[in-house]
Structure formats: C-alpha cells, structure tokens
Amino acid sequence: MIPLIEDLPYILNCDKIVESNLSDKFVEYQRVFLAKSDLALNYGMVASTLALKIALMKLEELKEKLSIPIYPIVGFGSAPFRGNLRPDTVDRILDEWRVVQTFTIQSAFKYDYPEREVVNAIEKINNSRRKRREGIDVEKAMEIIRKTSDEYRKLISALVSLINRIANYVLKRRERKLHIGLFGYSRTLNGSTLPRAIPFCCALYSIGLPPEIIGLNCLSENELDFVMEICGEDITDALQFFNPNVLNILPNEVAKRLIVDRIDYEINEEHKEVTDEIIRNLDKLDEEKIVRAAYVRRFLG
C-alpha cells in the first residue's frame, strides 16, 4: 500500500502516519505519495512548498530511525503554483528536489513541448539518483506557512466569484469524480465552491494574476528573503505572467495587498497583450482568448 497524503496537517505529520502504518508490518521498503496541486490550492504556493520540504526531511529522518528505505513520490504540475515541473525545468527540479524518488509527469510533457525535448527530460529524470538534501529551518518555515496560508485564504475568499466566472470558460480536459478537501473536489470556502486546481490556476493566470503571489504581502522583509531563497525561481517564473492592469478589476482588499513591487521580474509582453483583451472583455469572455494565453504560458493551469 502506498499512502497518499494531501492535506497540510497530514503532510506535516507524514512521518508519524507512515511510522504508525509500518508498526505491525515487515516491508523491504515503503513508498509515500505527497500531493502538491491541492495542497497549493488550499493553502497557497509558498505554504505548500515549505510543507513538502519539511515532510521530505521528516521522511528522511524516519528512514534512518526505522532502517527501512522510504521512497517519496511527489505530484508536480507544470504551472509554478503546482510544482513547475516541465521539460525546460527538469535540471532545476532535480537539483531542488533531489531527495524525491519519483516525479509524476503531467500534461505539459504530453502536449506542450517538442518530442525530443520531452524525451531528453524523461531520460534525465530516469537517470537521476536521489541525494540527501540539507534541512530547512522548520520553526521559521512553520511560521511562514501559518501566516501565508491564513492570508492566502482570506484573499481567495474575496476572489471566489471572479475565479468561478472565468473558470466556466476554461476548457474541460477530463471528467473527475468528487474527492475530499478543504475547498472540496467540490471545494467550498465560506459557503462558496471553487473549481479544481487546473481551472482555478487558469482563471487567475488568464487575467494576469499569478496565484503564486497571493498571500505574500503578510511577510516581513526577512521572511520574504527566506521564501525567495527557497521558492524564488518559481515566483519569478510566475510573475512574468502578471498584468498590472488586473488591479483595475480586483476587489480593493486584494489589489492593495499584492506585493509585486517587492520582487524583481520581467513581464511577458505577449501574455500581457492577450490578458489585456480578457480584462477589457470580462463581460464577453470566450474560450479562444483563454486558450491563446495558455499557449503563451505552455500550460493551461
């Protein structure tokens, strides 16, 4: 049996869950699947990344304690919010997440990159070897998880109506059965329902609001520096798709709490041009413009 661990309290206590599961068993090794996309959707990108770092460190410590090999699996998507694993980021991901045994491969590898680039990336993943990575300051990370997840959830609550409105025009890639979760799989937040991770991300990217930056405003300069050391490349990758004109259509409590001026980034002008059209025509949305923006990003959501 491979435990699939998704929600934040369980991710942070994955070592206890796995140890309890193994207490009455004799196994040669244990695989553990840690989710990313739904963790990010429920708590924000930064909180999800730091939580996974802590979880992987705890699993390494448990491996030493039990003298049983533990092989972590992570489910990364192609959007920075969902893991940032794409053919063109493989080297970076393998270095940053070197303690992971198995990476799930999602749709960017199937549809959005040249075949040779995809084959080379898969070969790199298959030929890589796990290495123990240095630990993380757990106390500092836990405080940032608490602060950013609380702020993220407050701001997302103010965006539910806008997200759902745009998500209705996102192409349906597949049918999925309902699941558990804080925002559900039908996800609810304060009585409102949110879409799944892909249409959720796509809705926000399509108006030039990368979800990665939502909730970072609560951090001190020192805390932001800590976050940028760990998640900085993912955040700057996402910020190229920020459109300053989105501030004109956001609720005031959200617009005034974005911190893009505290981070260096360059805007993707092609993406801005498409998202400008979407912002200007929110009353006349159509799938075509949302797909055009996705082609520029090379992922839907």
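In the predicted model, Glu-277 and Arg-292 form a salt bridge (a side-chain nitrogen of Lys or Arg within 4 Å of a carboxyl oxygen of Asp or Glu), with 3.3 Å between the closest N and O atoms. This pair links distant parts of the chain, 15 residues apart, as Glu-277 lies in helix H12 (residues 269–280) and Arg-292 in helix H13 (residues 287–297). Helices are DSSP runs of H or I with at least four residues, numbered from the N terminus. Glu-277 is buried (under 20% relative accessible area) at 19%.

Residues are numbered from 1 along each chain as its sequence is written. Local features need pLDDT of at least 70 and side-chain atom pairs count only at pLDDT 80 or more, while totals for chains, interfaces and linings use all residues, and side-chain values use heavy atoms, with hydrogens and water left out.

The structure holds 20 salt bridges in total. One of them joins Glu-60 to Arg-130, with the closest N and O atoms 2.8 Å apart. Glu-60 is buried, with 6% relative accessibility, whereas Arg-130 is partly exposed at 24%.

Asp-95 and Arg-98 also form a salt bridge, at an N to O distance of 2.4 Å. Asp-95 is partly exposed at 39%, and Arg-98 is partly exposed at 23%.

Terms used
Buried < 20%, exposed > 50% of the residue type's maximum accessible area, 1.4 Å probe, protein only. Helix = DSSP H or I, 4+ residues; strand = E, 2+ residues; numbered from the N terminus.
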